[in-house]
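Hi everyone, thanks for coming. Please have a look at the sequence and the structure on the screen, and then I'll walk you through a few parts of it.

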Amino acid sequence: MRLVDAHCHLEDESLHARLDAVLGDAREAGVVRVLTCAVTPDQWPTSAGIARRHPEVAFALGVHPWYAKPEHLPRLDELRGARELGATAIGEIGLDSKVETPSMDLQTEVFEAQLAIAKELALPVVIHCRGAFNELFASLKRIGTPSPAGTIHAFSGNVHLARTFVTFGLKFSLGRSLTYKRCAKREELMRFIYPDHFLLETDSPDMPPVGAEPDAPNEPRNLVLNLRGAAELLGRDPAEVAEATTRNASEVFDLGL
Ligand SMILES: [Zn+2]
């Protein structure tokens, strides 16, 4: 079985400090590729360095909406070199209305500038969106999307929202929510996004799934718990779900799997 963790943060000190062990355990669990996403410009060299040392790691460069600052705006130009640096995507970028700062105006400016660069480079985007779906749709309409478009990560919306994202070419990566007690809304979403629009993620070191070691950082090896949750929700064989999600991840992020 081959799995892809389509969204995590290996730059985080809790994982970066013991990266060989983290990636070794992931490999043993069947995770053959990991997409790590930078959240600030300071992390960009770290992301590229990790991928240089570990061929199973692909990386995305971006500024996360929580950390957007006015002084990042001139630095976004550097993202035009993302392809040459070996980046697979632009991310983690997006909009989040549930945080008080940065303002939605600044978040939108930073997001749209990065979306435009991704489109220019034809690199997919990795999007974070909480409580700002209408604002996000407005930005996607204004700027457009790259081809392939990319993913909405940790998607928790309903089928109606999912349909709109699909019209923009976006797919969905889900993690911990797959291990929650089943509910009709999630089952309906899964039936809609499976098999063609669904990827697996852990968001390590955050969002440990139900059943993971408590009080420890989440890790890519825990992706198997999310796989199991997805297979149960769908009433399908885990091997089949693994194959579909790996194929989707490979297509979106050009992983050659
Ligand atoms: Zn994330």
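Let's start with helix H5, residues 104-121. It has 18 residues, and at 1.5 Å a residue it should span 26 Å; the C-alpha atoms at its ends are 25 Å apart, so the two values agree. Please keep in mind that this is a predicted model.

Now, which residues of H5 are buried? They are Gln107, Thr108, Val110, Phe111, Gln114, Leu115, Ile117 and Ala118.

The crossing, where H5 passes H6, is right-handed.

Which residues meet there? On the H5 side you can find Met104, Thr108, Phe111, Glu112, Leu115, Ala116 and Lys119. On the H6 side, look for Glu135, Ser139, Arg142 and Ile143. Sorted by class, this contact of H5 with H6 has five nonpolar, two polar and four charged residues.

Next, please find proline 148. It sits in the loop between H6 and strand E6 (150-153). Is proline 148 buried, exposed or partly exposed? Proline 148 has 18 other C-beta atoms within 10 Å, so it counts as partly exposed; a buried residue would need 20 or more. Leaving out residues up to four places away in sequence, proline 148 touches Pro124, Gly169, Glu251 and Val252. Arginine 33 is 115 residues from proline 148 along the chain, and their C-alpha atoms are separated by 19 Å.

Last stop: arginine 27, in helix H2 (residues 19-28). Arginine 27 is partly exposed too, because 14 other C-beta atoms lie within 10 Å, and exposed would mean 12 or fewer. From C-alpha to C-alpha, arginine 27 and lysine 181 are 28 Å apart in space, and in sequence they are 154 residues apart.

That's my tour, and I'm happy to go back to any part of it with you.

Definitions and conventions. Residues are numbered from 1 along each chain as its sequence is written. This is a predicted model: local features need pLDDT of at least 70, side-chain atom pairs count only at pLDDT 80 or more; totals for chains, interfaces and linings use all residues. Helices (H or I, at least four residues) and strands (E, at least two) are DSSP runs, numbered from the N terminus. The expected span of a helix is 1.5 Å times one less than its number of residues. A crossing is left-handed if the near helix is turned anticlockwise from the far one by less than a right angle, and right-handed if clockwise. Two residues are in contact if their C-beta atoms, placed from the backbone, lie within 7 Å. Ala, Val, Leu, Ile, Met, Phe, Trp, Tyr, Cys and Pro count as nonpolar, Asp, Glu, Lys and Arg as charged, and the others, Gly among them, as polar.
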